[in-house]
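Hi there,

Here is the structure I promised to pass on to you. Have a look at it first, and then read my notes below.

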Amino acid sequence: MGALSNRRVVLARIPQGAPQPADFAFVDEPVANAGAGEVLLRTVWLSMDPYQRNWMAGASNYGSAARSGATVIGRAVSEVVSSNDRRFAPGDLVCGETGWQTHAVAPADALELVDPTLAPVSTALGVLGSPGLTAWVGMADIGKPRSGETVVVSAAAGAVGSVAGQIARILGARVVGVAGDPRKCRHVVEDLRFDACVSHHDSDVGGSLARDCLGGVDLYFDNTGGPVTDAVFGLLARDARVVLCGLVAEYGAAAACGHDLRPLLATQATLKAFSVRRNLHRMQEWRRQGAEWIREGALVYREDVVRGIERAPEAFIRMLAGRNTGKALVQVAEEPSRH
């Protein structure tokens, strides 16, 4: 295996503010051999996610610390090249946190098989992966939307928001999204079948939301923080619920935004934050439910794909800037042929 070459993406420096191409560098090296209980992998699909920016900002709950020279963390779907664990065989497709690189050696215990008959394997990183599980746990388990309620979802065209809003619709709620440009808003309404969508570029986001939420907001699924959250807080209905999933608009900021919590007190609202990492044991349960909704046509998804490990920093920067529609992915290599 020593003849194989691995290319990995590392931090050239810790980003200050919005990440720049110069914050990343490439390292080429021989592929390591798998030891006892380990698996050698060839990366096929690589996931771009907001939590990676949180890691770069110093968050300590993602394993290894962000530092100059560290491989950028990330989940991937990979093909098994060789295995020293009887659970995996060459040719298997697996999912794991193996980072931004073309090849990886990983403990078998940290990997899960991907069933290529369930759906396209790339969905294991999106609608049927951690983003979909995040949306399902946050919306169905924590938010608990009820028929007739008004639900607002920020980053509604993104990997988590698009699924969260559709789940709320499936459960009978009226759903209003917040997205970026008009193209994204059309996608949210026409393809994802939200009842309405407001652009966060509007000069008066609160006023636009108020027109679509005449009875107030019963449930807010917050992926962004920032000004959108302030606007929604001003529209909360009595006994509203806020599900805090992410703060992508604030990751890497020099100082916390400091939201006005008085509307929550006035409406006796509840706010619950959560992490999907405490719910990974439910992944197979979600995949069965999500795949069923996809087959029925109740749940649709879109993927925003670039090709080549060299374009991972570009794809990541685009995702953080909101220039992707749907799940942001990098196709690192071709999928293995299946007969």
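Strand 4 (residues 76–83) and strand 5 run antiparallel and are joined by 4 bridges. Strands and helices here are DSSP runs numbered from the N terminus, with at least two residues (E) for a strand and at least four (H or I) for a helix. Two strands pair if DSSP finds at least two bridges between them. This is a predicted model, where local features need pLDDT of at least 70, side-chain atom pairs count only at pLDDT 80 or more, and totals for chains, interfaces and linings use all residues. Residues are numbered from 1 along each chain as its sequence is written, and side-chain values use heavy atoms, leaving out hydrogens and water.

Back to strand 5: its Leu93 is the bridge partner of Glu79. Strand 5 also pairs with strand 7 (residues 112–113), antiparallel over 2 bridges, and there Val94 stands opposite Leu113.

Now for the open sheet: its 6 strands pair in parallel, in the order 10-9-8-11-12-13. Strand 10 (196–199) and strand 13 (270–273) are at the edges with a single partner strand each, so one side of each has no neighbour in the sheet. From one strand to the next, the twist averages 15° (angles run from 0 to 180 degrees between N-to-C directions, with axes as lines fitted to C-alpha atoms, for helices over the stretch in contact).

Strand 12 (residues 236–244) and strand 13 run parallel, joined by 4 bridges; Leu244 has Ala273 as its bridge partner in strand 13.

Happy exploring!
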